[in-house]
Amino acid sequence: MRSGETVTNPTPHDEARDEVGRVLVVIPTYNEAENIEEITARIRRATPEAEILIADDASPDGTGALADALAAADPKIHVMHRPGKQGLGAAYVAGFTWAREHGYDVVVEMDADGSHAPEQLPRLLDALRHADVVLGSRYIPGGRVVDWPWHRALLSQGGNLYVRLALGMPVRDATGGFRAYRMPALDKLDFESVSSQGYCFQVDLAWRACRQGLRVVEVPITFTERRRGASKMSPAIVREALWRVTVWAAQARRPGRRRTRAGRWP
């Protein structure tokens, strides 16, 4: 845990609950007071065996206080209070570190705004029985996007096409934020060294997984535009992703580098 972060409801290590082991769903939050109760309730119904870590970046709308109330009522919900808004990537790195320190076997990334359906989480966990990393994908057969404006859909699809062509990475949805990792896989990715933010954080981890030769599988999901609250998407996030992917592509083409293969949902 990093300086300034506090956690409520730290629980001791339990025995593995199923084939994949102890599961922790990490949910970064910043001003998600309108959504946090609903999303945690849906997760608890969909996967009662999973636990939840809400990583709140000192939300001024009271998200942290609501999360504390949820944790007080449910021992499977935990809260990490971070000292300020530090970005999606930093929140996930902190959450992954906490999961490792507390003996979880699987870590799941999920947004707080309802765009990722908790009811589809069992699909990811089932696929993880035969994979190291499972990516929830909007862009393979069976995946779809609901209620997105055309410009957001174009930006997302174009960005993923650029990633695939630039890096030679056979992943259709490298920017998606609904995914599951085995903890040994995360350790191999040296996740604590990742400084990318936003969509680029997701591309960074997927790229590292492919380069490490890990078994990366995509499963179809439905992504639904948030109904409440404001999107955290910004031009700066897009610029960071374009720049970093371009740099990685140039580095990958240096002599002596080789491409790796990723698996895919059959």
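1. Asp-126 is partly exposed, with a relative accessible area of 38%, where partly exposed lies between buried, under 20% relative accessible area, and exposed, over 50% (1.4 Å probe, protein chains only). Asp-126 forms a salt bridge, that is, a side-chain nitrogen of Lys or Arg within 4 Å of a carboxyl oxygen of Asp or Glu, with Arg-129, and their closest N and O atoms are 2.4 Å apart. Arg-129 is likewise partly exposed, at 36% relative accessibility.

2. Please keep in mind that this is a predicted model, in which local features need pLDDT of at least 70 and side-chain atom pairs count only at pLDDT 80 or more, while totals for chains, interfaces and linings use all residues. Residues are numbered from 1 along each chain as its sequence is written, and side-chain values use heavy atoms, with hydrogens and water left out.

3. By the salt-bridge rule the count comes to 10. One of them joins Glu-192 and Arg-100 at 2.9 Å, N to O, and this pair links distant parts of the chain, 92 residues apart, with Glu-192 in the loop between α6 (183–188) and α7 (198–211) and Arg-100 in helix α3 (residues 88–101); helices here are DSSP runs of H or I, at least four residues, numbered from the N terminus. Glu-192 is partly exposed at 41% relative accessibility, and Arg-100 is partly exposed at 33%.

4. Asp-204 and Arg-208 both lie in helix α7, 4 residues apart, which is about one turn of the helix, and they form a salt bridge whose closest N and O atoms are 2.9 Å apart. Asp-204 is buried at 4% relative accessibility, and Arg-208 is buried at 19%.

Terms used:
Helix = DSSP H or I, 4+ residues; strand = E, 2+ residues; numbered from the N terminus.
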